[in-house]
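User: I'd like a close look at one chain of this model, and at how that chain sits against its partner. Here it is.

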Amino acid sequence: MGKKARRKKIHQQAVWPRVVNLEERAQVLSFWEERFGIPKETFDPYLLLSTAKNYWLFATPPELKPLQSLRVQTVGLLFTRKVSHYLKPTTTAIQRFGHLATKNVVKLSFGELDRLRRERKLAYETDLSEGYVIISCEGKIWGCGLYLPGRLISYLP
Amino acid sequence: MVTLAEAPAYFSRYQEIIPDFEGFLAHLKRDLPLYFRLNTLKCRDPELVIKGLERQGAKVCPVPQIPHFYRVEPKNFPLGNTEEYYLGYIYPMTLNSALPVLALDPKPGEFILDLCAAPGSKTTLIAQATDDRAIIVANDRRLDRLTALVANLKRLGIACALTTVYRGEEFPHGVPFDKILVDAPCSGEGRYRQGYEGELLYQKEGHTNLPAIQKGLLIRAFDLVRPGGVVVYSTCTINPDENEMVVDYLLRKRQGRLLACKYPQPSHPGITEWEGRVLHPDLEKAARFFPHETESVGFFIAKIERLI
(Lines give C-alpha, C1' and ligand atoms only; values in the text may rest on other atoms or scores of the structure.)
Protein backbone atom coordinates (compact mmCIF):
# COMPACT_ATOMS: atom_id res chain seq x y z
CA MET A 1 0.00 0.00 0.00
CA GLY A 2 1.33 3.41 -0.92
CA LYS A 3 2.07 6.00 1.71
CA LYS A 4 -0.76 8.40 2.33
CA ALA A 5 0.27 11.89 1.27
CA ARG A 6 0.72 14.22 4.20
CA ARG A 7 -1.46 17.25 3.75
CA LYS A 8 -1.29 20.57 5.50
CA LYS A 9 -4.42 21.58 7.34
CA ILE A 10 -6.34 24.76 6.80
CA HIS A 11 -6.43 27.04 9.78
CA GLN A 12 -10.20 27.06 10.29
CA GLN A 13 -10.11 29.54 13.16
CA ALA A 14 -8.09 32.04 11.15
CA VAL A 15 -9.29 35.51 12.07
CA TRP A 16 -8.66 38.86 10.53
CA PRO A 17 -5.77 40.85 11.96
CA ARG A 18 -6.78 43.90 13.96
CA VAL A 19 -6.58 47.37 12.38
CA VAL A 20 -4.32 49.35 14.71
CA ASN A 21 -5.45 52.66 16.17
CA LEU A 22 -3.85 55.97 15.21
CA GLU A 23 -1.62 56.10 18.28
CA GLU A 24 -0.16 52.64 17.67
CA ARG A 25 0.21 53.36 13.97
CA ALA A 26 2.13 56.56 14.75
CA GLN A 27 4.38 54.61 17.12
CA VAL A 28 5.28 51.99 14.50
CA LEU A 29 5.74 54.44 11.65
CA SER A 30 7.80 56.77 13.89
CA PHE A 31 10.21 53.89 14.39
CA TRP A 32 10.77 53.66 10.63
CA GLU A 33 11.07 57.42 10.31
CA GLU A 34 13.46 57.87 13.23
CA ARG A 35 15.62 54.84 12.52
CA PHE A 36 15.79 54.92 8.73
CA GLY A 37 14.48 58.36 7.73
CA ILE A 38 11.58 56.88 5.77
CA PRO A 39 8.75 59.44 6.07
CA LYS A 40 5.53 58.25 7.70
CA GLU A 41 3.60 59.49 4.66
CA THR A 42 5.23 56.74 2.58
CA PHE A 43 2.77 54.37 4.21
CA ASP A 44 -0.35 56.55 3.78
CA PRO A 45 -1.82 54.25 1.09
CA TYR A 46 -1.68 51.32 3.50
CA LEU A 47 -3.59 50.12 6.53
CA LEU A 48 -1.51 48.89 9.43
CA LEU A 49 -2.82 45.61 10.83
CA SER A 50 -1.68 43.71 13.87
CA THR A 51 -1.55 40.08 14.93
CA ALA A 52 -0.10 38.85 18.23
CA LYS A 53 3.55 39.63 17.45
CA ASN A 54 3.53 41.19 14.01
CA TYR A 55 2.42 44.25 12.12
CA TRP A 56 1.25 43.93 8.52
CA LEU A 57 0.79 46.46 5.72
CA PHE A 58 -2.28 46.11 3.55
CA ALA A 59 -3.42 48.42 0.73
CA THR A 60 -6.33 50.50 2.04
CA PRO A 61 -9.54 49.13 0.49
CA PRO A 62 -12.58 51.32 -0.31
CA GLU A 63 -14.41 49.27 2.37
CA LEU A 64 -12.85 46.80 4.77
CA LYS A 65 -16.00 45.19 6.15
CA PRO A 66 -16.86 42.95 3.17
CA LEU A 67 -13.31 41.55 3.18
CA GLN A 68 -13.53 40.79 6.88
CA SER A 69 -16.18 38.19 6.15
CA LEU A 70 -13.54 36.05 4.41
CA ARG A 71 -11.58 33.34 6.20
CA VAL A 72 -8.09 34.55 5.35
CA GLN A 73 -4.72 32.80 5.47
CA THR A 74 -2.53 35.90 5.06
CA VAL A 75 -3.25 39.61 4.67
CA GLY A 76 -0.74 41.97 3.08
CA LEU A 77 2.98 42.27 3.72
CA LEU A 78 4.74 41.37 6.96
CA PHE A 79 6.03 44.79 7.99
CA THR A 80 7.41 44.90 11.53
CA ARG A 81 7.82 42.43 14.37
CA LYS A 82 7.31 43.09 18.06
CA VAL A 83 10.40 41.64 19.77
CA SER A 84 10.24 42.02 23.53
CA HIS A 85 9.94 45.81 23.99
CA TYR A 86 11.44 46.60 20.62
CA LEU A 87 10.28 46.82 17.06
CA LYS A 88 12.19 44.95 14.39
CA PRO A 89 11.85 45.65 10.66
CA THR A 90 11.25 42.56 8.53
CA THR A 91 13.35 41.53 5.55
CA THR A 92 10.26 41.74 3.35
CA ALA A 93 9.58 45.34 4.33
CA ILE A 94 13.22 46.40 4.12
CA GLN A 95 13.61 44.88 0.67
CA ARG A 96 10.48 46.71 -0.46
CA PHE A 97 10.92 50.14 1.19
CA GLY A 98 14.63 50.17 2.08
CA HIS A 99 15.56 52.19 -1.01
CA LEU A 100 13.80 55.18 0.61
CA ALA A 101 16.04 55.08 3.68
CA THR A 102 18.31 58.06 4.29
CA LYS A 103 20.19 56.77 7.34
CA ASN A 104 21.45 53.62 9.02
CA VAL A 105 22.16 51.91 5.73
CA VAL A 106 25.28 49.73 5.68
CA LYS A 107 26.84 49.42 2.25
CA LEU A 108 28.86 46.22 2.00
CA SER A 109 31.17 44.98 -0.70
CA PHE A 110 30.20 41.68 -2.31
CA GLY A 111 32.93 39.91 -0.36
CA GLU A 112 31.70 41.36 2.95
CA LEU A 113 28.12 40.41 2.17
CA ASP A 114 29.17 36.89 1.28
CA ARG A 115 31.04 36.51 4.58
CA LEU A 116 28.15 37.98 6.56
CA ARG A 117 25.72 35.51 4.96
CA ARG A 118 27.98 32.54 5.65
CA GLU A 119 29.27 33.41 9.11
CA ARG A 120 26.21 35.37 10.31
CA LYS A 121 28.39 38.10 11.84
CA LEU A 122 31.16 40.39 10.74
CA ALA A 123 33.72 42.60 12.46
CA TYR A 124 32.60 46.03 11.31
CA GLU A 125 33.41 49.58 12.38
CA THR A 126 31.16 52.49 11.51
CA ASP A 127 29.90 55.70 13.10
CA LEU A 128 26.27 54.55 12.85
CA SER A 129 24.27 54.32 16.05
CA GLU A 130 23.59 50.90 17.59
CA GLY A 131 20.48 49.12 16.38
CA TYR A 132 18.89 47.67 13.27
CA VAL A 133 20.45 48.61 9.95
CA ILE A 134 19.60 48.10 6.31
CA ILE A 135 22.14 45.98 4.47
CA SER A 136 22.80 46.92 0.87
CA CYS A 137 25.34 45.75 -1.67
CA GLU A 138 26.03 47.15 -5.13
CA GLY A 139 22.71 49.00 -5.26
CA LYS A 140 20.62 46.04 -4.07
CA ILE A 141 18.83 46.03 -0.72
CA TRP A 142 19.38 42.66 0.95
CA GLY A 143 17.67 42.95 4.32
CA CYS A 144 18.20 43.60 7.99
CA GLY A 145 21.24 43.50 10.24
CA LEU A 146 21.97 44.54 13.80
CA TYR A 147 24.87 46.87 14.35
CA LEU A 148 26.61 46.71 17.70
CA PRO A 149 29.91 48.52 18.34
CA GLY A 150 32.56 46.77 16.29
CA ARG A 151 30.32 44.11 14.75
CA LEU A 152 27.48 43.53 12.40
CA ILE A 153 25.05 40.67 13.01
CA SER A 154 23.08 39.20 10.13
CA TYR A 155 19.31 38.89 10.17
CA LEU A 156 19.30 37.89 6.53
CA PRO A 157 17.18 34.77 5.96
CA MET B 1 0.66 10.00 -21.74
CA VAL B 2 0.93 11.29 -25.28
CA THR B 3 4.36 10.94 -26.87
CA LEU B 4 5.71 13.20 -29.57
CA ALA B 5 5.14 10.47 -32.17
CA GLU B 6 1.46 10.38 -31.21
CA ALA B 7 1.09 14.17 -31.27
CA PRO B 8 -0.14 14.47 -34.89
CA ALA B 9 -2.92 11.95 -34.19
CA TYR B 10 -3.73 13.55 -30.83
CA PHE B 11 -3.95 17.10 -32.21
CA SER B 12 -5.60 16.11 -35.51
CA ARG B 13 -8.93 16.80 -33.83
CA TYR B 14 -7.93 20.47 -33.82
CA GLN B 15 -6.61 20.57 -37.38
CA GLU B 16 -9.43 22.91 -38.41
CA ILE B 17 -8.76 25.43 -35.69
CA ILE B 18 -4.98 25.45 -35.49
CA PRO B 19 -3.52 27.69 -38.22
CA ASP B 20 -0.52 26.21 -40.08
CA PHE B 21 -1.03 22.80 -38.48
CA GLU B 22 2.27 21.43 -39.83
CA GLY B 23 4.10 24.44 -38.42
CA PHE B 24 2.41 23.82 -35.07
CA LEU B 25 3.55 20.17 -35.03
CA ALA B 26 7.09 21.16 -35.99
CA HIS B 27 7.13 23.76 -33.22
CA LEU B 28 6.35 21.09 -30.59
CA LYS B 29 9.89 19.79 -31.09
CA ARG B 30 11.50 23.05 -29.99
CA ASP B 31 11.96 24.41 -26.48
CA LEU B 32 10.11 27.61 -25.67
CA PRO B 33 12.19 30.73 -25.04
CA LEU B 34 12.87 31.74 -21.44
CA TYR B 35 11.34 34.98 -20.18
CA PHE B 36 11.09 36.88 -16.93
CA ARG B 37 9.09 39.85 -15.73
CA LEU B 38 10.84 42.67 -13.93
CA ASN B 39 9.13 43.39 -10.61
CA THR B 40 8.93 47.17 -10.71
CA LEU B 41 7.58 47.29 -7.14
CA LYS B 42 11.05 46.33 -5.93
CA CYS B 43 13.41 47.18 -8.74
CA ARG B 44 13.06 50.48 -10.51
CA ASP B 45 16.26 50.17 -12.49
CA PRO B 46 16.19 47.39 -15.11
CA GLU B 47 19.95 47.82 -15.68
CA LEU B 48 20.60 46.52 -12.17
CA VAL B 49 18.98 43.21 -13.14
CA ILE B 50 20.24 43.06 -16.72
CA LYS B 51 23.85 43.69 -15.73
CA GLY B 52 23.57 41.27 -12.80
CA LEU B 53 22.29 38.44 -15.01
CA GLU B 54 24.77 39.21 -17.76
CA ARG B 55 27.61 38.93 -15.23
CA GLN B 56 26.34 35.40 -14.58
CA GLY B 57 26.49 34.51 -18.27
CA ALA B 58 22.96 35.25 -19.49
CA LYS B 59 22.02 37.37 -22.46
CA VAL B 60 18.99 39.55 -21.67
CA CYS B 61 16.84 41.45 -24.20
CA PRO B 62 13.64 43.42 -23.55
CA VAL B 63 10.43 42.17 -25.19
CA PRO B 64 9.24 45.25 -27.09
CA GLN B 65 5.54 44.36 -27.21
CA ILE B 66 5.03 43.64 -23.48
CA PRO B 67 6.39 46.10 -20.91
CA HIS B 68 8.75 44.80 -18.21
CA PHE B 69 9.27 41.43 -19.93
CA TYR B 70 12.72 40.22 -20.93
CA ARG B 71 13.94 37.27 -22.97
CA VAL B 72 16.89 35.29 -21.65
CA GLU B 73 19.46 33.18 -23.47
CA PRO B 74 20.40 30.38 -23.07
CA LYS B 75 16.99 28.81 -22.61
CA ASN B 76 18.23 26.61 -19.78
CA PHE B 77 19.69 29.49 -17.76
CA PRO B 78 18.84 28.82 -14.08
CA LEU B 79 16.92 32.05 -13.34
CA GLY B 80 15.55 30.57 -10.11
CA ASN B 81 19.06 30.28 -8.65
CA THR B 82 20.05 33.91 -9.11
CA GLU B 83 20.19 36.65 -6.49
CA GLU B 84 17.85 38.71 -8.68
CA TYR B 85 15.25 35.98 -8.17
CA TYR B 86 16.00 35.64 -4.47
CA LEU B 87 15.60 39.38 -3.95
CA GLY B 88 12.25 39.40 -5.77
CA TYR B 89 13.41 41.56 -8.68
CA ILE B 90 12.24 39.06 -11.28
CA TYR B 91 9.44 36.55 -11.84
CA PRO B 92 10.19 33.93 -14.53
CA MET B 93 7.00 33.48 -16.56
CA THR B 94 5.91 32.76 -20.08
CA LEU B 95 4.87 35.72 -22.24
CA ASN B 96 1.26 34.70 -22.85
CA SER B 97 0.63 34.34 -19.11
CA ALA B 98 0.58 38.14 -18.99
CA LEU B 99 -2.29 38.39 -21.47
CA PRO B 100 -5.19 37.48 -19.13
CA VAL B 101 -4.03 40.30 -16.84
CA LEU B 102 -3.91 42.73 -19.77
CA ALA B 103 -7.50 41.69 -20.57
CA LEU B 104 -8.49 42.22 -16.94
CA ASP B 105 -7.07 45.76 -17.07
CA PRO B 106 -6.83 46.13 -13.28
CA LYS B 107 -7.03 49.62 -11.72
CA PRO B 108 -5.97 50.91 -8.29
CA GLY B 109 -8.72 50.64 -5.68
CA GLU B 110 -10.64 47.88 -7.44
CA PHE B 111 -11.69 44.71 -5.65
CA ILE B 112 -10.17 41.91 -7.70
CA LEU B 113 -10.54 38.18 -7.14
CA ASP B 114 -7.99 35.76 -8.59
CA LEU B 115 -9.99 32.57 -8.14
CA CYS B 116 -7.27 30.02 -9.00
CA ALA B 117 -4.26 32.10 -8.06
CA ALA B 118 -1.37 29.76 -7.17
CA PRO B 119 1.54 30.00 -7.76
CA GLY B 120 0.91 33.70 -8.34
CA SER B 121 2.34 34.89 -11.67
CA LYS B 122 -0.90 36.69 -12.53
CA THR B 123 -1.70 37.84 -8.98
CA THR B 124 1.69 39.49 -8.70
CA LEU B 125 1.34 41.04 -12.16
CA ILE B 126 -2.04 42.52 -11.15
CA ALA B 127 -0.37 44.01 -8.06
CA GLN B 128 2.45 45.40 -10.16
CA ALA B 129 0.09 46.83 -12.80
CA THR B 130 -1.80 48.77 -10.11
CA ASP B 131 1.33 49.89 -8.25
CA ASP B 132 0.26 47.69 -5.31
CA ARG B 133 -3.05 49.57 -4.99
CA ALA B 134 -5.74 47.11 -6.16
CA ILE B 135 -7.34 45.01 -3.43
CA ILE B 136 -6.58 41.47 -4.54
CA VAL B 137 -8.11 38.37 -3.04
CA ALA B 138 -5.83 35.54 -4.15
CA ASN B 139 -7.59 32.22 -3.70
CA ASP B 140 -6.57 28.65 -4.33
CA ARG B 141 -8.34 25.55 -3.15
CA ARG B 142 -5.13 23.67 -2.34
CA LEU B 143 -3.16 24.73 0.69
CA ASP B 144 0.07 23.23 -0.65
CA ARG B 145 -0.22 25.39 -3.76
CA LEU B 146 -1.13 28.39 -1.63
CA THR B 147 2.22 28.03 0.15
CA ALA B 148 3.96 28.74 -3.16
CA LEU B 149 1.65 31.69 -3.75
CA VAL B 150 2.34 33.19 -0.32
CA ALA B 151 6.09 32.72 -0.85
CA ASN B 152 5.90 34.58 -4.15
CA LEU B 153 3.83 37.42 -2.69
CA LYS B 154 6.44 37.75 0.05
CA ARG B 155 9.38 37.51 -2.33
CA LEU B 156 7.94 40.20 -4.61
CA GLY B 157 7.03 42.45 -1.66
CA ILE B 158 3.31 42.73 -2.36
CA ALA B 159 1.10 44.41 0.21
CA CYS B 160 -2.22 44.62 -1.64
CA ALA B 161 -3.14 40.92 -1.62
CA LEU B 162 -4.79 38.63 0.89
CA THR B 163 -4.97 34.89 0.50
CA THR B 164 -7.82 32.44 1.02
CA VAL B 165 -8.32 28.69 0.60
CA TYR B 166 -11.82 28.09 -0.69
CA ARG B 167 -13.08 25.69 -3.29
CA GLY B 168 -13.58 28.08 -6.19
CA GLU B 169 -17.12 26.85 -6.82
CA GLU B 170 -17.98 27.65 -3.19
CA PHE B 171 -16.21 30.98 -2.79
CA PRO B 172 -18.48 32.97 -0.46
CA HIS B 173 -20.61 35.90 -1.59
CA GLY B 174 -20.33 39.28 0.09
CA VAL B 175 -17.40 41.12 -1.49
CA PRO B 176 -18.43 43.46 -4.35
CA PHE B 177 -15.73 42.37 -6.79
CA ASP B 178 -15.13 44.69 -9.73
CA LYS B 179 -13.10 42.14 -11.64
CA ILE B 180 -12.43 38.41 -11.39
CA LEU B 181 -9.78 36.32 -13.06
CA VAL B 182 -10.55 32.64 -13.60
CA ASP B 183 -7.32 31.11 -14.84
CA ALA B 184 -8.89 27.70 -14.71
CA PRO B 185 -7.21 24.33 -14.16
CA CYS B 186 -7.01 22.74 -17.59
CA SER B 187 -5.47 19.93 -19.61
CA GLY B 188 -2.54 22.19 -20.48
CA GLU B 189 -2.33 21.28 -24.15
CA GLY B 190 -0.89 24.71 -24.91
CA ARG B 191 2.19 23.71 -22.91
CA TYR B 192 2.67 20.38 -24.62
CA ARG B 193 6.01 19.84 -26.33
CA GLN B 194 8.91 17.47 -26.72
CA GLY B 195 10.60 16.60 -23.47
CA TYR B 196 7.61 17.59 -21.39
CA GLU B 197 7.22 14.72 -18.97
CA GLY B 198 3.90 15.44 -17.31
CA GLU B 199 0.84 13.65 -18.62
CA LEU B 200 -2.11 15.64 -19.81
CA LEU B 201 -4.16 16.23 -16.71
CA TYR B 202 -7.45 14.75 -17.80
CA GLN B 203 -5.74 11.60 -19.04
CA LYS B 204 -3.75 11.24 -15.84
CA GLU B 205 -6.68 11.64 -13.50
CA GLY B 206 -9.05 9.53 -15.55
CA HIS B 207 -12.11 10.63 -13.63
CA THR B 208 -11.46 14.37 -13.68
CA ASN B 209 -14.14 16.09 -15.69
CA LEU B 210 -12.31 19.33 -16.39
CA PRO B 211 -15.08 21.07 -18.37
CA ALA B 212 -17.50 20.46 -15.46
CA ILE B 213 -15.01 21.99 -13.01
CA GLN B 214 -14.36 24.91 -15.34
CA LYS B 215 -18.09 25.59 -15.80
CA GLY B 216 -18.59 25.53 -12.02
CA LEU B 217 -15.74 28.00 -11.50
CA LEU B 218 -16.88 30.37 -14.25
CA ILE B 219 -20.52 30.40 -13.12
CA ARG B 220 -19.45 31.12 -9.54
CA ALA B 221 -17.10 33.89 -10.64
CA PHE B 222 -19.87 35.46 -12.69
CA ASP B 223 -22.23 35.37 -9.70
CA LEU B 224 -19.55 36.94 -7.49
CA VAL B 225 -18.72 39.91 -9.71
CA ARG B 226 -20.89 43.03 -9.37
CA PRO B 227 -23.26 43.89 -12.26
CA GLY B 228 -21.20 45.82 -14.80
CA GLY B 229 -18.08 44.06 -13.57
CA VAL B 230 -15.77 41.89 -15.64
CA VAL B 231 -14.75 38.24 -15.51
CA VAL B 232 -11.72 37.09 -17.50
CA TYR B 233 -11.68 33.37 -18.21
CA SER B 234 -8.41 31.85 -19.40
CA THR B 235 -6.82 28.46 -19.93
CA CYS B 236 -3.59 27.23 -21.45
CA THR B 237 -5.27 24.56 -23.53
CA ILE B 238 -6.43 24.27 -27.12
CA ASN B 239 -9.43 22.05 -26.40
CA PRO B 240 -12.70 23.90 -27.25
CA ASP B 241 -14.52 21.71 -24.69
CA GLU B 242 -12.54 23.58 -22.02
CA ASN B 243 -12.69 26.98 -23.72
CA GLU B 244 -15.53 28.15 -25.96
CA MET B 245 -17.91 25.42 -24.74
CA VAL B 246 -17.42 26.58 -21.14
CA VAL B 247 -18.04 30.24 -21.99
CA ASP B 248 -20.99 29.24 -24.20
CA TYR B 249 -22.48 27.41 -21.21
CA LEU B 250 -22.16 30.58 -19.11
CA LEU B 251 -23.74 32.80 -21.79
CA ARG B 252 -26.72 30.45 -21.96
CA LYS B 253 -27.17 30.42 -18.19
CA ARG B 254 -26.44 34.06 -17.30
CA GLN B 255 -26.81 37.59 -18.67
CA GLY B 256 -23.37 38.49 -19.95
CA ARG B 257 -21.60 39.61 -23.07
CA LEU B 258 -18.10 39.17 -24.38
CA LEU B 259 -15.88 42.22 -24.75
CA ALA B 260 -13.33 42.49 -27.54
CA CYS B 261 -9.76 43.07 -26.45
CA LYS B 262 -6.55 44.15 -28.14
CA TYR B 263 -3.50 42.04 -27.36
CA PRO B 264 0.17 42.58 -28.08
CA GLN B 265 0.54 39.00 -29.37
CA PRO B 266 -0.87 37.49 -32.60
CA SER B 267 -4.26 35.94 -31.91
CA HIS B 268 -7.25 34.32 -33.60
CA PRO B 269 -10.95 34.76 -32.79
CA GLY B 270 -12.69 32.14 -30.69
CA ILE B 271 -14.63 29.55 -32.63
CA THR B 272 -18.43 29.71 -32.97
CA GLU B 273 -18.99 26.15 -34.07
CA TRP B 274 -17.49 22.93 -32.74
CA GLU B 275 -18.17 19.33 -33.72
CA GLY B 276 -21.50 20.24 -35.28
CA ARG B 277 -22.67 22.43 -32.43
CA VAL B 278 -23.32 26.12 -33.04
CA LEU B 279 -22.01 28.28 -30.22
CA HIS B 280 -22.87 31.79 -29.02
CA PRO B 281 -21.87 34.33 -31.72
CA ASP B 282 -20.16 36.52 -29.10
CA LEU B 283 -17.44 33.88 -28.84
CA GLU B 284 -15.66 35.32 -31.85
CA LYS B 285 -14.61 38.10 -29.45
CA ALA B 286 -12.64 35.58 -27.40
CA ALA B 287 -8.99 35.11 -28.36
CA ARG B 288 -6.85 32.08 -29.10
CA PHE B 289 -3.07 32.21 -28.99
CA PHE B 290 -0.97 29.45 -30.50
CA PRO B 291 2.54 28.46 -29.43
CA HIS B 292 4.07 28.52 -32.90
CA GLU B 293 2.79 32.05 -33.59
CA THR B 294 3.65 33.56 -30.22
CA GLU B 295 6.82 31.71 -29.13
CA SER B 296 4.97 30.99 -25.91
CA VAL B 297 2.40 28.71 -24.32
CA GLY B 298 -0.93 28.36 -26.13
CA PHE B 299 -3.74 30.30 -24.45
CA PHE B 300 -7.46 31.00 -24.64
CA ILE B 301 -8.89 34.21 -23.17
CA ALA B 302 -12.47 35.46 -22.91
CA LYS B 303 -13.40 38.78 -21.29
CA ILE B 304 -17.00 38.76 -20.11
CA GLU B 305 -19.07 41.63 -18.75
CA ARG B 306 -21.88 40.91 -16.32
CA LEU B 307 -24.95 42.77 -17.54
CA ILE B 308 -27.41 42.29 -14.66
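Among contacts in chain B between residues at least 6 apart in sequence, what percentage join residues at least 24 apart?

Analyst: The figure is 76%, counted among chain B contacts between residues at least 6 apart in sequence. Keep in mind that this is a predicted model. Its scores are ipTM 0.91 and pTM 0.94. For chain B the average pLDDT is 93, and 94% of the residues score at least 70. One stretch to treat with care is 198-204 of chain B, where the pLDDT is below 50. Beyond near neighbours in sequence, that stretch has 14 contacts in the model.

Now the overall build. Chain B has 15 strands and eleven helices. Its radius of gyration is 19 Å, close to the 19 Å that the globule rule gives for 308 residues, so chain B is as compact as a globular protein of that length. Along the principal axes, the C-alpha atoms of chain B fill a box of roughly 55 × 50 × 35 Å. Of the 308 residues in chain B, 48% are buried.

Leaving out residues up to four places away in sequence, Gly270(B) touches Glu244(B), Leu283(B), Glu284(B), Ala286(B), Ala287(B), Arg288(B) and Ala302(B). Take Ala302(B) from that set: Gly270(B) and Ala302(B) are 32 residues apart in sequence, with 8.5 Å from C-alpha to C-alpha.

On to the partner. The contact between the chains takes 25 residues from chain A and 27 residues from chain B. On the chain B side, strand 6 (135-139), helix 7 (143-155) and strand 7 (161-164) each supply at least two residues. Helix 7 of chain B gives the largest share of that side, five residues. Sorted by class, the side of chain B that touches chain A has 16 nonpolar, six polar and five charged residues.

Strand 7 of chain B pairs with strand 4 (residues 72-75) of chain A in the antiparallel sense, over three bridges. One residue pair to look up is Val72(A), whose bridge partner in strand 7 of chain B is Thr164(B).

Chain A is divided into domain 1 (18-99) and domain 2 (105-154). Taken over C-alpha atoms, the centres of these two domains of chain A are 24 Å apart. Where they meet, domain 1 of chain A puts in nine residues and domain 2 of chain A puts in six residues. Helix 1 (22-36), strand 6 and helix 2 (91-97) of chain A are the elements giving two or more residues to the domain 1 side, and helix 2 of chain A gives the most, with three residues.

Chain A also has an open sheet of five strands in the order 1-2-3-5-6, with antiparallel pairing. Strand 1 (18-19) and strand 6 (86-89) of chain A are the edge strands, each pairing on one side only. Strand 6 of chain A pairs with strand 5 (residues 77-83) of chain A over four bridges, and Tyr86(A) in strand 6 is the bridge partner of Val83(A).

Notes
Residues are numbered from 1 along each chain as its sequence is written. Chains are lettered from A and ligands numbered from 1 in the order in which they are written. This is a predicted model: local features need pLDDT of at least 70, side-chain atom pairs count only at pLDDT 80 or more; totals for chains, interfaces and linings use all residues. Two residues are in contact if their C-beta atoms, placed from the backbone, lie within 7 Å. Ala, Val, Leu, Ile, Met, Phe, Trp, Tyr, Cys and Pro count as nonpolar, Asp, Glu, Lys and Arg as charged, and the others, Gly among them, as polar. Two strands pair if DSSP finds at least two bridges between them. pLDDT is the predictor's confidence in each residue, from 0 to 100. Domain bounds come from an automatic or database domain assignment. The radius of gyration is taken over C-alpha atoms; the globule rule is 2.2 Å times the number of residues to the power 0.38. A residue is buried if 20 or more other C-beta atoms lie within 10 Å of its own, exposed if 12 or fewer, and partly exposed in between; C-beta atoms are placed from the backbone.
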